[in-house]
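Please open the model in your viewer and keep the sequence beside it. The tour below goes from stop to stop, saying what to select and what is there.

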Amino acid sequence: MVENIGMKPSRRGFLRTALAGGGALAVGSTAARAEGDPVILEPRPWNQFLGEGVDARPYGFPSEHEAHVRRQDVPWLTADPISSVNFTPLHELDGIITPNGLCFERHHGGIAEVDPAEHRLMINGLVDRQIVLTMQDLMRFPRENHVYFLECAANTGMEWAGSQLNGCQFTHGMIHNVMYTGIPLRLILAEAGVKPSGSWILVEGADASGMTRSIPMEKALDDCLVAFKMNGEALRPEQGYPVRLVVPGWEGNMWIKWLRRIEVGDQPWHHREETSKYTDLLADGRARRFTWEMDAKSVITNPSPQAPITHGPGPTVLTGVAWSGRGTIPRVDVTLDGGINWHDARMSGPSFNKSMHRFYFEFNWDGQPMLLQSRAHDSTGYVQPTKNQLREIRGENSIYHNNGIQTWAVDKDGRAENVEIS
Ligand SMILES: Nc1nc2c(c(=O)[nH]1)N[C@H]1C(S)=C(S)[C@@H](COP(=O)(O)O)O[C@H]1N2
Ligand SMILES: [Mo]
């Protein structure tokens, strides 16, 4: 089937051909277009008139032509928009960083509009000194910068039993990847002095949901951050302004927003979000307890249902993202024929620990239907499973932690649809 769709047998051979012949594609279509093209021959408003001055946009927004690039919810998914979720438009993005205004939102009590002057972070419980820190106090701790993905454990949860939502925004968009500036949590805990019996922390949010989660001390002292900046600017209110917890590689629910209290204890609290929620019910009625780490996962973002192929047969760019809660993604395989032939995708951009990675696969589409899939390999050697492999182990009751391989069926017109073949 690879030959059928015009693939060169050797990936390296194709790349060389593509690079050498790259000009041919561009020159051919450009030459044809130049004749009588009004956008070239007739003046456009933007070269006839002067534009707005430098002060017109003190805080910039995207071009009005990008208005379709937006977070979106699925109205029937939740009873109301207060305890709900919307989704990152992955099919409109490139590279690895999610712009702040497009990071998906998950709230249990709506967006807390916190006044930083009235925000406090309390450390209590099994500590030598209970302390209360203001934002000004926090600014005096040493900071670090790290790029991490946050994925809700429910991402792709609607797809357990079969394909359901038509677009990678909805199937995979409960994820964002941001550079955080924050204080290592261990420094704040050291300021309070953790007692020898302190082996767990409870983190609590200042929003109306008062969300809490238990986190083992080992993780708290390892790479958790108390973050106040995202992509260089203050956290957005939607993301927990003025401070949120960053729990690298672990499920999004633990990344408490509007962080106001950290209690040190000697056992987990077993609150709502770690018992009745964010627990995986297995086929035999038992439940997986504390599934914190996010397994390696990937998705093709283009082509995909919201991003069909509109240019017809010929050179085509396939791209997507991959991530793992256990490390980096050295390799992603892609298939155009539903897993009969797999090809090495080309990784591009920085490869950070517990961050999103970008992959590309350029090929010549011959206009025949395709079954597109991607398969991530992480730095521990773990390989992203098929959905059937997941169901064999976890049954059909699950919602959370679905990292199975996603399939898009592309028809001869380039339209893509969410399907399941394995
Ligand atoms: N205080 C508080 N923290 C919270 C939540 C919340 O509702 N309140 N939602 C959690 C869940 S379930 C997820 S997936 C992430 C979502 O983070 P985001 O809104 O930045 O995408 O925040 C977590 N932290
Ligand atoms: Mo979540």
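Select D73 and N86 to start, for D73 stands opposite N86 in β2. Before going on, note that this is a predicted model, in which local features need pLDDT of at least 70, side-chain atom pairs count only at pLDDT 80 or more, and totals for chains, interfaces and linings use all residues. Residues are numbered from 1 along each chain as its sequence is written, while chains are lettered from A and ligands numbered from 1 in the order in which they are written.

Strands here are DSSP runs of E with at least two residues, helices are runs of H or I with at least four, and both are numbered from the N terminus. With β3 included, the three strands form an open antiparallel sheet in the order β1-β2-β3, where strands count as paired if DSSP finds at least two bridges between them. Its edge strands are β1 (72-73) and β3 (106-107), each of which pairs on one side only.

**Helix α6**

Next select helix α6 (residues 185-192), whose buried residues are L185, I188, L189 and A192. A residue is called buried if 20 or more other C-beta atoms, placed from the backbone, lie within 10 Å of its own. Looking down the axis of α6, you find these buried residues within an arc of 100 degrees, so they line one face of the helix; the arc is that of the directions from the helix axis to the C-beta atoms. Among the elements that cover them are β4 (120-125), β7 (175-184) and α7 (217-222).

The contact between them takes 31 residues from domain 1 and 32 residues from domain 2, with two residues in contact if their C-beta atoms, placed from the backbone, lie within 7 Å. On the domain 1 side that touches domain 2, β6 (144-151), α5 (168-172) and β14 (280-281) each supply at least two residues, and the largest share, four residues, comes from α5.

Note on methods:
A residue is buried if 20 or more other C-beta atoms lie within 10 Å of its own, exposed if 12 or fewer, and partly exposed in between; C-beta atoms are placed from the backbone.
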